[in-house]
Amino acid sequence: MEKAINRQRILLQHLQPTSSIHPSSGLSASICSSGDSAAYQRSNCFGDDVVIVAAYRTAICKSKRGGFKDTPPEDLLASVLKALIDRTKLNPSEVGDIIVGTVLAPGSQRAIECRMAAFYAGFPDTVPLRTVNRQCSSGLQAVADVAAAIKAGFYDIGIAAGVESMTVNSVGWSGPVNPKVEIFAQARECLLPMGMTSENVAHRFGVTRQEQDQAAVESHRRAAAAAAAGKFKEEIIPVTTKIIDPKTGEKKQITVSADDGIRPDTSMSVLAKLKPAFSKDGSTTAGNASQVSDGAGAVLLMRRDLAMQKGYPILGVFRSFAAVGVDPAVMGVGPAVAIPAAAKAAGLQIDDIDLYEINEAFASQFVYCCKKLELDPEKVNVNGGAIALGHPLGATGARCVSTLLNEMKRRGKDCRFGIISMCIGSGMGAAAVLEQGDGVDQLSNARRILSNNLLSKDAL
């Protein structure tokens, strides 16, 4: 009996609040959204957290004209997979699975090409691989799938990647269309060209041509400034490849290490001269839409306790993911629905988010989503977005992970939570919440309040 009482006493000591152990700390109650049955506690000390220890990408190049126009997609993917091995000294045989987001190529062929890429990169045949296709969110879906598998205990280390060569594979439809679409309006709207859904967003929600062009100018301005400051060097893997001169047929070896779609001289006057690309009276042009691009990215995820054991730096913690459905006719509104859903799943509110990477599929939908959520422009796409950098469909999610986490790391403790989001063809949206890794203490979000009416109801 005495042993049991002593045990209870020790347990009670462990359960005492920190303030009773250190009464002179001067800390007070703080606003914290992690209560109310939140998905996790706002702390970064759990060994089973899924963490990101490395995230790299290729440069993003213009399809059919850029540096990767003659590079097979599997070579792009192999480059980033090999970089994960070389730069982290990872034992490739320890990887439980590789999941690759990819969109345009025929499914079985691209799956085989990706498996070949893993062999080119140095992975043994014991490491499995699969592809995933959720349109423009495929790269982010790959990250979410790996994170979920690690959390479920299927394996401890996984790689999420994305690849797209829009030079090799273009947007198109194969075979006849089911006549049922004439009966089901929303099914029919799934077949709308993406540019027309952009026009629908602009028309339905009153996004002007001027607003769209201004967003495009700002994307190029920020991307050019980031490139000039060397901000992308940490995330871009130089790729040595061959390029063929279309006039002479001569092959030349080059090393591609910079995005080639950024136009620093973009201006409102230049964009104003462009004609609408999808509708005679429309407002979506080649200048205020994302670029058609080639590129790849890869992200290394694992359990936190294993990452610490191996001595890896922790770039970020995967906190939540949400995929949502929206009206296919205005598919671009997806982020406006997905972002609040992902934040809620992480026990957070929009005000808790310090940085955003929102894919600029079209300026119309990007402007609408930012306005709808009342986001601070200084928190969104601070290094430019897809209008300037390009949008290699399957790779964009992986690219955004690298861009976001590196920027959060540069900003330090004041930048704790970030969100990646994009719209999805056929009417969906996706978003993920990431928390900054190593340099965050458990009380970095404490704010003094005058009363407890803002505390979680779980604490009252």
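Which residues are buried in α8? Before I answer, a word on the basis of this talk. The model is predicted, so local features need pLDDT of at least 70 and side-chain atom pairs count only at pLDDT 80 or more, while totals for chains, interfaces and linings use all residues. Residues are numbered from 1 along each chain as its sequence is written, and side-chain values use heavy atoms, with hydrogens and water left out.

Helix α8 covers residues 209-228; helices here are DSSP runs of H or I with at least four residues, and strands are runs of E with at least two, numbered from the N terminus. Its buried residues (under 20% relative accessible area, 1.4 Å probe, protein chains only) are Gln212, Asp213, Ala215, Ala216, Val217, Ser219, His220, Arg222, Ala223, Ala224 and Ala226. They pack against α7, α9, α12 (363-372) and α13 (386-389). After α8 comes Gly230, with a positive phi near 75°.

Arg399 counts as buried because its relative accessibility is 4%. Beyond neighbours within four places in sequence, Arg399 is in contact (heavy atoms within 4.5 Å) with Arg57, Ile60, Glu235, Glu357 and Leu389.

Finally, the lining of the largest pocket. By class, this lining has 28 nonpolar, 16 polar and six charged residues. Here Ala, Val, Leu, Ile, Met, Phe, Trp, Tyr, Cys and Pro count as nonpolar, Asp, Glu, Lys and Arg as charged, and the others, Gly among them, as polar.

Conventions
Buried means under 20% relative accessible area, exposed over 50%, partly exposed in between (1.4 Å probe, protein chains only). The expected span of a helix is 1.5 Å times one less than its number of residues.
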